[in-house]
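Reader: Could you show me how to read the features of a protein model, one step at a time?
Author: Gladly. Let us look at it together.

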Amino acid sequence: MSLLHHALLSLKRKKKDAVSLGLLIFLAVMLLTTGLSIQTTIGDFFEVSNERLNAPHYTTCIPNNQYKDSYLEYLQNDPRVSAVELKETAIMYGASYEVNGGKALLYADFFPIDETTIISPFSVLEESPAIPEDAIYVPYFFKNNGYGIGDSVRFEYNGEIYSFTIAGYFETTWYGTSVNSMVMFYLPEEACQELYGQIGGGKY
């Protein structure tokens, strides 16, 4: 007598167990189906957003003292690469800021607002009607962390405090989530150049 036959006989004798097992199998299948649907939807959403924002397929940030012009030349001459863009960024390695009553560490890249950028251009989601002098644009997840437009955000780096006022939230598919320790920010061009002179930076 097969094992399957034994199992069916056992289930017939214990109908309650059979019903419970059936419900568990049904729930497991439903959860698996739901999980696969969510995963597919998220993947599609990322691809659509990446295309809409003209985001890069690959990105890297190299400190100035490690950067070589040959890196850019290599990418420009690679037939597999359709477009390359080089940006200057002010960098804070291991800056801390306040969030939810505590402190969090991040690798902060500060970019100047540049309307001529083609790859992943500056895309504002919400903005203050009056732009403060010490304006900073932050990723949207800062809103979920309790930071509103007009609030002050302070970064502690190398024993110094750098304070800004949130002028708005921007949209990005790169370095704009709370699960990534590398986070990008945007500053007005002059302010970014001043910060770059104070803390140094790299190529992005």
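This is a predicted model: local features need pLDDT of at least 70, side-chain atom pairs count only at pLDDT 80 or more; totals for chains, interfaces and linings use all residues.

Reader: Which residue does Arg80 meet in a salt bridge?

Author: A salt bridge joins a side-chain nitrogen of Lys or Arg to a carboxyl oxygen of Asp or Glu within 4 Å. Here the partner of Arg80 is Asp78, with N to O at 2.7 Å. Asp78 has a relative accessibility of 10%, so it counts as buried, because the cut-off for buried is under 20%.

Reader: How many salt bridges does the structure hold?

Author: There are 4. One of them pairs Lys203 with Glu88, at 3.4 Å from N to O. Lys203 lies in strand S9 (residues 201-203) and Glu88 in strand S2 (residues 88-99), so this pair ties together parts that are 115 residues apart in sequence.

Reader: Which residue forms a salt bridge with Lys103?

Author: That is Glu156, and the closest N and O atoms are 3.0 Å apart. This pair also links distant parts of the chain: Glu156 is in strand S6 (residues 152-157) and Lys103 in strand S3 (residues 102-112), 53 residues apart. Glu156 is partly exposed, with 33% relative accessible area, while Lys103 is exposed, with 57%.

Reader: How many residues lie between S2 and S3 in the hairpin?

Author: There are 2, and Asn100 in the turn has a positive phi of about 55°.

Reader: In which sense do S3 and S8 pair?

Author: S3 and strand S8 (residues 182-187) pair in the parallel sense, over 6 bridges. Across this pairing, Tyr107 stands opposite Met182 in S8.

Reader: What about cysteines: how many disulfides does the structure hold?

Author: In general, a disulfide is a covalent bond between the sulfur atoms of two cysteines. This structure holds 0. Cys61 counts as buried at 13% relative accessibility, and Cys192 is buried too, at 4%.

Reader: Which residues form a nonpolar patch on the surface?

Author: Tyr74, Leu75 and Val84 do, with about 260 Å² of accessible area together. Val84 is placed in the loop between helix H3 (69-76) and S2, and it is partly exposed, with 33% relative accessible area.

Reader: Now let us step back. How many helices and strands does the protein have?

Author: The secondary structure comes to 5 helices and 9 strands. From the N terminus on, the order is α-α-β-α-β-β-β-β-α-β-β-β-α-β.

Reader: What percentage of the residues count as buried?

Author: It is 33% of the 204 residues. The protein exposes about 13,300 Å², and carbon and sulfur atoms supply 57% of that area. For contacts between residues at least 6 apart in sequence, 69% join residues at least 24 apart.

How values were computed
Residues are numbered from 1 along each chain as its sequence is written. Side-chain values use heavy atoms; hydrogens and water are left out. A disulfide is a pair of cysteine sulfur atoms within 2.5 Å. Buried means under 20% relative accessible area, exposed over 50%, partly exposed in between (1.4 Å probe, protein chains only). Helices (H or I, at least four residues) and strands (E, at least two) are DSSP runs, numbered from the N terminus. Two strands pair if DSSP finds at least two bridges between them. Patches are made of residues with over 30% relative accessible area and no salt bridge: like charges are joined within 9 Å, nonpolar side chains (Val, Leu, Ile, Met, Phe, Trp, Tyr) within 5 Å. Accessible areas come from the Shrake-Rupley method with a 1.4 Å probe; for residues, only the protein chains shown count as cover. Contact means heavy atoms within 4.5 Å.
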